[in-house]
Amino acid sequence: MSRTLKGPALFLAQFAGDEAPFNTLDNIARWAAGLGYKGVQIPSWDSRLIDLERAATSKDYCDEIHGILARHGLTLTELATHLHGQLVAVHPAYDELFDGFAHPSVHKNPKARQEWAVKQIEHAIAASANLGLGNMGSFTGSLAWPYIYPWPQRPAGLVEAAFDELAKRWRPLLDKADAAGVNICYEIHPGEDVFDGATFEMFLDRLKGHTRCNILYDPSHFQLQMLDYLDFIDIYADRIRMFHVKDAEFNPNGKQGVYSGYQGWVGRAGRFRSLGDGQIDFGAIFSKLTAQGFDGWAVLEWECALKHPEDGAREGAAFIRDHIIRVTEHAFDDFAGSGVDDATNRKILGLS
């Protein structure tokens with residue numbers, strides 16, 4: 001059954017800062033509403049926007065959050081826990097790089113850092129329930145990612161062992177999410193062990209099809225892999241519960257392709273762009289999601305190698321608004337209906 005998507009909404013992670021209007025939830029909500037957004041997605045790790053532990057334990061505080069947003073005509077769409085989810089599974093090669101995502105008290109202590117990350121995910125699940133939210137975005141983390149390219153040849157069972165462990169770490173969290181009535185929607189993303197449909201299925205199989213294991217759909221990461229992002233919707237429609245509207249372009253040449261030659265974002269063959277500046281066919285995406293019955297939020301995740309973020313945010317609100325398809329209550333050809341009954345139909349078919 002076709003449904004109308006909600007939106008436009010804005011993921012606040014790339015905009016939160018220490019200067020007004022980006023430094024408090026009230027200020028950034030006023031700014032976002034002024035651009036035409038109807039909802040915001042809050043990053044769980046940004047204490048300028050949310051006290052996660054307090055939200056996990058106090059419904060009164062959650063009511064305050066809703067009240068702040070409501071004053072500006074905004075709805076809270078979901079919490080995003082990507083940086084916390086990343087730390088649920090970290091290969092030792094990335095210990096120093098990912099320590100910055102965690103509280104200083106657990107730096108240089110991978111075991112303590114993982115335990116801290118698991119607790120943050122638990123807080124986010126409880127906070128989502130207290131906020132009345134049914135979906136929560138995240139990353140799976142990664143143990144096998146350093147071995148994505150099979151050279152040197154991977155030892156037999158290496159990848160399987162990594163996915164076994166990944167599922168083992170997430171299963172208790174998914175069970176807690178189930179008890180709270182919350183879906184964990186993993187963003188399918190290079191750098192995570194779950195980065196395409198095949199790896200999502202490897203993860204899901206080990207979770208025995210856990211109903212709370214779902215997908216945050218972001219076509220930009222598929223464009224940079226040359227994965228068919230439209231076919232992906234058809235295959236995984238029943239698992240897609242969240243949607244990041246982010247554009248990207250892939251321009252290979254004689255010097256670089258998918259791996260982009262260690263170049264910075266401006267010089268990469270594959271790079272993220274502001275909405276409308278890349279190559280993603282959003283008309284087709286919105287049509288497919290609408291036809292598949294997705295009725296969640298269309299949330300701008302702004303990242304661009306060239307454009308100023310405030311320009312991207314301003315343009316993005318109108319872009320999403322203009323792509324949302326308001327589902328009709330009547331078939332386009334109802335005017336030509338003959339209004340005949342069953343007896344007439346049988347007569348037309350020569351059955352009576």
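Trainee: How many bridges join strand 7 to strand 10?
Mentor: The general idea comes first: strands of a sheet pair through backbone hydrogen bonds, either parallel or antiparallel. Here, three bridges join strand 7 (residues 240–245) to strand 10, and the two run parallel. Strands are DSSP E runs of at least two residues, helices are H or I runs of at least four, and both are numbered from the N terminus. Two strands pair if DSSP finds at least two bridges between them. Before we go on, this is a predicted model, where local features need pLDDT of at least 70, side-chain atom pairs count only at pLDDT 80 or more, and totals for chains, interfaces and linings use all residues. Residues are numbered from 1 along each chain as its sequence is written, and side-chain values use heavy atoms, with hydrogens and water left out.
Trainee: Which residue stands opposite Val 299?
Mentor: That's His 244. On the strand 1 (residues 6–11) side, strand 10 also pairs in the parallel sense, over three bridges, with Trp 297 as the bridge partner of Lys 6.
Trainee: In what order do the strands close into a barrel?
Mentor: Eight strands close up in the order 1-2-3-4-5-6-7-10, with parallel pairing. Neighbouring strands of this sheet are turned by 35 degrees against each other on average, direction ignored; axes are lines fitted to C-alpha atoms, for helices over the stretch in contact, and angles run from 0 to 180 degrees between N-to-C directions.
Trainee: Are the residues of strand 10 buried or exposed?
Mentor: Buried means under 20% relative accessible area, exposed over 50%, partly exposed in between (1.4 Å probe, protein chains only). Trp 297 and Val 299 point one way, Ala 298 and Leu 300 the other, and all are buried.
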